[in-house]
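Colleague: Could you walk me through how this protein is packed inside?
Modeller: Gladly, let's look at it together.

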Amino acid sequence: MYQWGITFIRAITGFIFLMHGIAKLQMGVDNVSAWFGSIGLPTSLAYLVILIEVLGGIALIVGLGSRYVAIFMILTMIGAIFSVKLSAGLMGDGKGAGYELDLALIALNLLFVLKPYEGVGIDSYLQKGRNQNN
């Protein structure tokens, strides 16, 4: 049961990132890039964030490279907190979201960094294969 619980948590976390990436694609990469520039970030960073959210989200869903993907997700969330959300506070300021979701996503991804082969997924399958060959 534990393995399925971890799998569910990892898949939902990946799905959240995937949907945020898809939302950025639907807004238009050029629009997202321009918004990044308007808040003082390099416009090219928008492409990297979208890539991390979409491909990283898919990777978490299937459990592929979970530890490494989770590190990129954590860095993305830390960047979002310090570049956009910190000034709005934990719960937001009525004009924009706070950073409570970002903190929760950091905590969830930290689990995948610390326990990368837990749950059902490609990582755990490959790890079992490595252990059998030793």
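**Cores and packed helices**

Colleague: Which residues touch the most other members of the largest nonpolar core?
Modeller: This is a predicted model, where local features need pLDDT of at least 70, side-chain atom pairs count only at pLDDT 80 or more, and totals for chains, interfaces and linings use all residues. Residues are numbered from 1 along each chain as its sequence is written, and side-chain values use heavy atoms, without hydrogens and water. A nonpolar core is a set of buried (under 20% relative accessible area, 1.4 Å probe, protein chains only) Ala, Val, Leu, Ile, Met, Phe, Trp, Tyr and Cys residues joined through side-chain atoms within 4.5 Å. In the largest one, with 15 residues, those touching the most other members are Phe 17, Leu 60, Val 69, Met 73, Met 77 and Ile 106.

Colleague: Which element gives the largest share of this core?
Modeller: Helices here are DSSP runs (H or I, at least four residues), numbered from the N terminus. Two or more residues come from each of α3 (45-62), α4 and α5. The largest share, 6 residues, belongs to α4.

Colleague: How do α4 and α5 run, roughly parallel or roughly antiparallel?
Modeller: Helix α4 (residues 66-85) packs on helix α5 (residues 100-114) at an angle of about 160°, with axes 8 Å apart. Axes are lines fitted to C-alpha atoms over the stretch in contact, and angles run from 0 to 180 degrees between N-to-C directions. Angles over 145 degrees count as roughly antiparallel, so α4 and α5 are roughly antiparallel.

Colleague: Which residues does Ile 106 contact, beyond its neighbours within four places in sequence?
Modeller: Contact means heavy atoms within 4.5 Å. By that rule, the partners of Ile 106 are Ile 74, Met 77, Ile 78 and Ile 81.

Terms used
Angles under 35 degrees count as roughly parallel, over 145 as roughly antiparallel, 65 to 115 as roughly perpendicular and the rest as oblique. Buried means under 20% relative accessible area, exposed over 50%, partly exposed in between (1.4 Å probe, protein chains only).
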